[in-house]
Amino acid sequence: MKYDNLIFICGRYEGVDERVAKYLADEEISIGEYVLTGGEIPAMAVADSIARLLPGVLGNAQSSKDESFSKKNYLEYPQYTKPKEFQGWRVPEVLLLGDHKKIEKWRTKHSKISKLSLCEKKQ
């Protein structure tokens, strides 16, 4: 479905009054099979996941093209930042050499199959 506006109704403890869910809400959303004290954190997660798809939100249009879940059953490769060494732990040398083909090969090798997809296959 496509909506021009979204309003999140965040339940507390036991959820939203059934009359609101039945007569006022267009959809109900669950972010997983667990219980939280309220719906504010799930609402923020859904809002963020939607907002990051809007042009300009990430700053670079390519940023969302190669990340976890951008492809079916795909978890992105490990991320490293500066400094090159922290408490004796080093960034893999291949990532520092500037050889884009080798970096891509390393990233492909270190990407993972989503555990969620493995669960789906078992069912």
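Where does glutamine 87 lie? Glutamine 87 sits in the loop between S2 and strand S3 (89-90). Strands here are DSSP runs of E with at least two residues, helices are runs of H or I with at least four, and both are numbered from the N terminus. Before we go on, note that this is a predicted model, in which local features need pLDDT of at least 70 and side-chain atom pairs count only at pLDDT 80 or more, while totals for chains, interfaces and linings use all residues. Residues are numbered from 1 along each chain as its sequence is written, and side-chain values use heavy atoms, leaving out hydrogens and water.

Let's stay with the backbone for a moment. Most residues other than glycine have a negative phi, and most peptide bonds are trans. Glutamine 87 has a positive phi, near 50 degrees. With 61% relative accessibility, glutamine 87 counts as exposed (buried is under 20% relative accessible area, exposed over 50%, partly exposed in between, with a 1.4 Å probe and protein chains only). A cis peptide bond, with omega about 0 degrees, joins lysine 82 and proline 83. You can find proline 83 in the loop between strand S1 (74-75) and strand S2 (85-86).

Next, look at the rings. Rings of Phe, Tyr and Trp (its six-membered ring) pair if their centres lie within 6.5 Å; planes under 30 degrees apart count as stacked, over 60 as edge-to-face and the rest as tilted. This rule gives two aromatic pairs. In the case of phenylalanine 86 and tryptophan 89, the ring centres are 5.9 Å apart and the planes are at 50 degrees, so the pair is tilted. Phenylalanine 86 is partly exposed, at 46% relative accessible area, whereas tryptophan 89 is exposed, at 59%.

Now follow the chain to helix H2 (residues 40-51). The expected span of a helix is 1.5 Å times one less than its number of residues. For the 12 residues of H2 this comes to 16 Å, and the end C-alpha atoms are 16 Å apart, which agrees. Pro42, Ala43 and Val46 are buried in H2. Seen down the axis, the buried residues of H2 fall within an arc of 100 degrees, so they line one face of the helix; the arc is that of the directions from the helix axis to the C-beta atoms. Ile41 and Met44 are exposed, on the face of H2 turned away from its buried side.

Finally, what about phenylalanine 8? Phenylalanine 8 lies in the segment before helix H1 (18-23) and, at 34% relative accessibility, is partly exposed.
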